[in-house]
Amino acid sequence: MKSKIIVVLAALLAFSGCLSAQTIDSPEVKNLAVAGLKQEVAIRRDSRWIPYIEAQNESDLYFAQGFVTASDRLWQMDLYRRVASGRTAELFGKLTLEEDKRWRRFGFGSIVEESYKTMPNELKRVLDDYARGVNAYIATLNKDSLPVEFQVLQYSPEPWKPSDSLIIGKILADGLSTSWFEDALKARFSNLPKEKFDQLFIEKTPFDVLVVGKDSEESSKAAKSDAAISNAEEIYQLAERESIIRKSSLERIGFYQDFNAASNNWVVSGKRTLDGKPILANDPHLDGTAPSIWYLSNLSSPKGRVSGVTFPGTPGIVLGHNEFIAWGATNLGPDVQDLYIETFNDKNQTLTGDRWTDAKVRNEEIKVRKGLIGPETESVDFEVIETDDGVVIQDKGEKKTALKWTARYPENNEFTAFYYVNHAKNWEEFKSALKTYGGATQNFVYADVKGNIGFHNGGAIPIRSSGDGSIPYDGSKNEGKWTKFIPFDELPESYNPPEGFIVTANQRLAGDSYKHFLGHSWADPYRARRIHDLIANNSKMTINDSMDIQRDIFSISYSNFAREIIKMGAASEETLKALRSFDGKISPDSKEALLISEIRKAFLNTILRGNLGELEANSYRWSMQNSFIDWLVREKPANWMTKELGDYKAVLIESDKYARETLMKKFGTDEKNWRYGKSSTFNFRHPLAAAPLIGSIFATPSFESYGGFSTPNVGSAVSMRHVTSPGNWDQTRHGIALGQSGDPKSPYFKDQFDGWRSGNTPVFPFTKEAVEKTAISVTRLSAK
């Protein structure tokens, strides 16, 4: 689909001179009068072009933030709001029509408008001021100074609305809280014996890192119905189709990640650091695009100073620190989506118990670009049906499938919490702010200047009247109704734990003793375990030690897998010799890591095919798939080994043989060319990067693969890195994947790449004195 889009874009290039710079700021410009300001605002820029905005009141602060962010990232901001509101077909035509339909079903455009209307006036003013700033920047542009993407696509930006900032949060919700796809896979396997089902969808491992609660002795048990789901195959096919559309949409803007798994964070008490001050570290994982999804900023007003990253288009700071506290986040990934099989009659009514209820019908008009040249559009009408249980995502006549999702509740927004977190001064104020958080549920970590550390989940997690949402409900039986959300004070929490540190990396972090159901699908625990062990073995942690952890590419999973093969002698002599020298690191030069990766794929496919018959094993992926592989090799359970397969040693030997044959076909017989980095290369792709004639201006460096699902450093998916020590604010390290500017001609478009690639994250000064010393440019905005 991407290649087809590029053809369209190339045809649109019917003019020259479309490469004018996006930003108006430059070292030569020192003063600028802007309509809409109350008082003068100082904007300092450092050598990475990070803006340090100093305002004399909050209204001007957020106005200036909107103005400055738009000057660097306007087209990216416009694309974000178009994606979430289902308006990309206006740019890309029928090629993205199905993506727009998917977003329109959710109805986020009207949902965020309702969210805005019910917000406190204080927060409305922030959104209003930010929008005014964006629009003030847009007003400075003409057709020749528009960012290049607008010129190529032949359109101009519409005014920014306050609700546009809110709709960006719905992209995060889609990227980080889509849980029903794995439910559909489990439904397809509902006819498996319960023991095998529980083993296939393993939840507990010896490597788990719990933050709250304790586990019982009972082994892991995944959710499984007592009977096979009659329409399981139909639901699975729906999930397959939807997942492809979702992936295409989110990858284009850098918010896609498998299984909602994204990020590492940790906090370490001053009792375990060299200088006695706590340390907080955070590195979110989302597959990158150009420009970065993050934008670094330092914001100062009489109400305080706050620094960190935000999403272009969102006021304030999302992850970072102020003068008193620091915070970070990783995704929890609980089950916040449920499917309901609804029974309809010919009057468009749904059956609930013995009662028929009218379904809601919403008509959406989607504008679709007509052809290859010109911005003219035609309208496509699209009908959306909603029941009391949710929005219909599949229509099979009398039976329709509805999706219920926390993101579709107007009261569940992200912005409110982050505004209050930006101003929090202690643990209680931090928690009070998180009470208002309604976005994709996060593992928030905390550290403050008084030496305290903490962790608290934030987000809406439903409590159901029956079941746990792991399989579709029968809507006609009134099953699985959401009665309420888990009360904030009952969400997982830890404050100054005796261990002196807290680690979250999307793992299952609540033990069996925790009172509420969170979910069944978690990331493999290897990243969390590796980080935990490195911190536990270092009682004098420093910022540099945390940076080393962020760079770490040692894989517990791969290392243990290699040892099991060696112990069994379950490979060729050539492979055994290589594995004996394996250092456990998934580095670009590692032949051993490449071999292990291929052997694991072949091994899993053989096991699944031998047990699941005609089903296509290669098509299945689920959240703890790698823990299942490692469990099989470690425990060698008899119930997964059939007469045809033989034994585990035999399967591994055949897997090794197949892996070697595959690598010979790919890289030749000279094993010096068998390097993990050659298995795939990556670059941060701009949506227009492959366009003939103009695509080269968006080019970013290519690099070889390294790291993976089981290493703290996950390679290309690291979107930013942050390490800070409260009280040592000017020693904070914070960097993003490419650069601050979205203008491909700017020297700041990709200047941060080398630091990101090496993990040598630069210092991000915080105090006024440090900022003034590092500024290379000062622009003073004054009222016009």
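**View 1. Tyr 526 is a buried residue in an aromatic pair.** Tyr 526 has a relative accessible area of 2% and is buried, a word used for anything under 20%, with exposed meaning over 50% and partly exposed lying in between (1.4 Å probe, protein chains only). This is a predicted model, in which local features need pLDDT of at least 70 and side-chain atom pairs count only at pLDDT 80 or more, while totals for chains, interfaces and linings use all residues. Residues are numbered from 1 along each chain as its sequence is written, and side-chain values use heavy atoms, leaving out hydrogens and water.

A search of the whole structure turns up 46 aromatic pairs. Rings of Phe, Tyr and Trp (its six-membered ring) count as a pair if their centres lie within 6.5 Å; planes under 30 degrees apart are stacked, over 60 edge-to-face, and the rest tilted. Tyr 526 sits in helix α14 (residues 526–536) and Phe 709 in the loop between β25 (703–704) and β26 (720–724), so the pair ties together parts that are 183 residues apart in sequence. Phe 709, at 28% relative accessibility, is partly exposed. Helices (H or I, at least four residues) and strands (E, at least two) are DSSP runs, numbered from the N terminus.

View 2. Tyr 437 and Phe 444 form an edge-to-face pair, 5.3 Å centre to centre and 85° between the planes, and both residues are buried. Elsewhere, ring pairs link Phe 189, Phe 197, Phe 201, Trp 622, Phe 628, Trp 631 and Trp 640 into a cluster. Look also for Lys 404 over the face of Trp 482, at 5.3 Å from the ring centre, and for Arg 600 over the face of Phe 561, at 5.0 Å. A charge sits over a ring if NZ of Lys or CZ of Arg is within 6 Å of the ring centre and within 35 degrees of the ring normal.

**View 3. An open sheet of five strands.** The strand order is β23-β4-β5-β26-β27, with antiparallel pairing; two strands pair if DSSP finds at least two bridges between them. At the edges are β23 (501–504) and β27 (733–736), each pairing on one side only. Antiparallel β26 and β27 are joined by four bridges, and His 722 has His 734 in β27 as its bridge partner. Helix α14 lies across β4 (264–268) and β23, running at about 160° to β23. Axes here are lines fitted to C-alpha atoms, for helices over the stretch in contact, and angles run from 0 to 180 degrees between N-to-C directions.

**View 4. Helix α6 and its buried Ala 136.** Helix α6 (residues 121–139) has 19 residues. Its buried residues include Leu 123, Val 126 and Tyr 130, and their cover includes β1 (31–34), α2 (58–85) and α5 (108–117). Ala 136 lies in this helix and is buried at 14% relative accessibility. Not counting residues up to four places away in sequence, Ala 136 touches Val 34, Ala 35, Phe 63 and Phe 67; contact means heavy atoms within 4.5 Å.

**View 5. Ala 407 in a loop.** Ala 407 lies in the loop between β16 (399–405) and α12, and is buried at 4% relative accessibility. With residues up to four places away in sequence left out, Ala 407 touches Phe 108, Ile 111, Lys 170 and Ala 173.

Technical notes:
The expected span of a helix is 1.5 Å times one less than its number of residues.
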